[in-house]
Amino acid sequence: MEENNLQCSSVVDGNFEEVPRETAIQFKPPLYRQRYQFVKNLVDQHEPKKVADLGCGDTSLLRLLKVNPCIELLVGVDINEDKLRWRGDSLAPFMGDFLKPRDLNLTITLYHGSVVERDSRLLGFDLITCIELIEHLDSGDLARFPEVVFGYLSPSMIVISTPNSEFNPLFPSVTLRDSDHKFEWTRMEFQTWALYVANRYDYSVEFTGVGEPPAGAENVGYCTQIGIFHKNGGKATEACVSEQHDQHVYKARQGLTMLPRLVLIFHPQAVLLPHLPKMLRLQVFTTSYPSLQQERFFKLVLVNEVSQQVESLRVSHLPRRKEQDGERGDKPKDIGGSKAPVPCFGPVFTEVEKAKIENSPKPFCVGDKFFVPLQRLLAYPRLNRLCANEEMMRSVIADSIPLSSDGSAVVADLCNYFDEQFEF
């Protein structure tokens, strides 16, 4: 954090109205990034599967959280439909997400509605975040907020951040940090409210914050105060959730799934065609990410990994084969050597991984054919992570990669045109 001669409008989140130039506090990284990173660190620590951000605004926090491998459902709710309309597409998967699918499924959904309305689609969540939200609520909505979020939705964890008004005197000519704020609490006011809510709805709460004060002003506390609420007894049981009647009050936002992004990339005018599948005309903005839990993407990844490993082994054995004076025969010939070959630009194996590879069945040749046993392939960490056993690998790759007659090995030509061109 530094003190600079800046206009107050640039100090905290860019929300201030301009005031005369005075010495102001500048946070590095910016305060909003510190808040989002705080949430991300919590997600890394607790690994929730279902996360909702109430008052998601421009979806910046959702975009940061969607890279977490543990999250399978990510939901944003906001009263501002325009922001949802223009920011939703930034949450859709890009080409890189298809080339390297996630391990777990991920669905991202945006809802338009008020955070003080009950909607059963947000029941059973592991984490609900309310970042710089409650200070925008009027007294009526603030009174209903705990009833809905803590009482009805009752997630395992809730994170609430709000401005610390004790910090405000350090800013030049600032009473409230945003013209839409209905109030800004001192630490005592926030903690009194939070403790009352936690006690009423059976939560525990701990307090912290982001945005440290400058030297000499430590007594004012963090610029942003944060309450972390944990449900006593852990996650709400499925039985409790199932007892709730379906109640969908959030307005649906018209949107397209991830598929039109690909259509637009390859066929810019394709979306104008009348025969688009009805499944693309969704009532709620939802984006689904490709993952290894989806059969088609799992197969693509596995076939690609097997092909790359077989090619790496084949190329590494060509010089050794050449030294054998072109000898050919029907008898299988072990050409695996005593050590597992490691490609020049390939992964670096641990000693345990090397031993596992060396002790697996070695590649061999029959005539001009190169055979790599499936057990050998399964010894490599990346393939072992994808496949549990030989039978699983065989069933997935059988119609895409040539196998030996008994299905125990991948078969490839020992030499090809490119080998001759580059004189292997």
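This is a predicted model: local features need pLDDT of at least 70, side-chain atom pairs count only at pLDDT 80 or more; totals for chains, interfaces and linings use all residues.
Pro163 stands opposite Thr224 in strand S9. Residues are numbered from 1 along each chain as its sequence is written.

Helices (H or I, at least four residues) and strands (E, at least two) are DSSP runs, numbered from the N terminus. Buried means under 20% relative accessible area, exposed over 50%, and partly exposed in between (1.4 Å probe, protein chains only). Met157, Val159, Ser161 and Pro163 point one way from S7. Ile158, Ile160 and Thr162 point the other way, and all are buried.

Two strands pair if DSSP finds at least two bridges between them. S7 pairs with strand S6 (residues 127-131) in the parallel sense, over 5 bridges. Ile131 has Ser161 in S7 as its bridge partner. From S6 the chain passes through helix H5 (residues 139-153) to S7, a right-handed β-α-β crossover. Right-handed means that, with the strands pointing away from the viewer, the path from the first strand over the helix to the second runs clockwise. S7 and strand S9 (residues 224-231) run antiparallel, joined by 7 bridges.

**Salt bridges**

A salt bridge is a side-chain nitrogen of Lys or Arg within 4 Å of a carboxyl oxygen of Asp or Glu. The count comes to 14 salt bridges. The table gives examples.

| Pair | Closest N and O atoms |
|---|---|
| Arg385 and Asp103 | 3.1 Å |
| Asp119 and Arg121 | 2.8 Å |
| Arg187 and Glu166 | 2.9 Å |

Arg385 lies in helix H12 (residues 381-386) and Asp103 in the loop between helix H4 (95-99) and strand S5 (106-112), so their pair ties together parts 282 residues apart in sequence. Arg385 is exposed at 56% relative accessibility. Asp103 is partly exposed at 43%. Asp119 is buried at 1%, and Arg121 is partly exposed at 22%.

Arg187 sits in helix H6 (residues 187-200) and Glu166 in the loop between S7 and H6, so this pair links parts 21 residues apart in sequence. Arg187 is partly exposed at 26%. Glu166 is also partly exposed, at 26%. Salt bridges with shared partners join Glu390, Glu391 and Arg394 into one network.

**Aromatic pairs**

Rings of Phe, Tyr and Trp (its six-membered ring) pair if their centres lie within 6.5 Å; planes under 30 degrees apart count as stacked, over 60 as edge-to-face and the rest as tilted. The count comes to 15 aromatic pairs. Phe167 and Phe171 have ring centres 5.4 Å apart and planes at 45°, so the pair is tilted. Phe167 is buried at 0% relative accessibility, and Phe171 is buried at 3%. One aromatic cluster holds Phe145, Phe183, Trp185, Phe190, Trp193 and Phe207.

Note on methods: Side-chain values use heavy atoms; hydrogens and water are left out.
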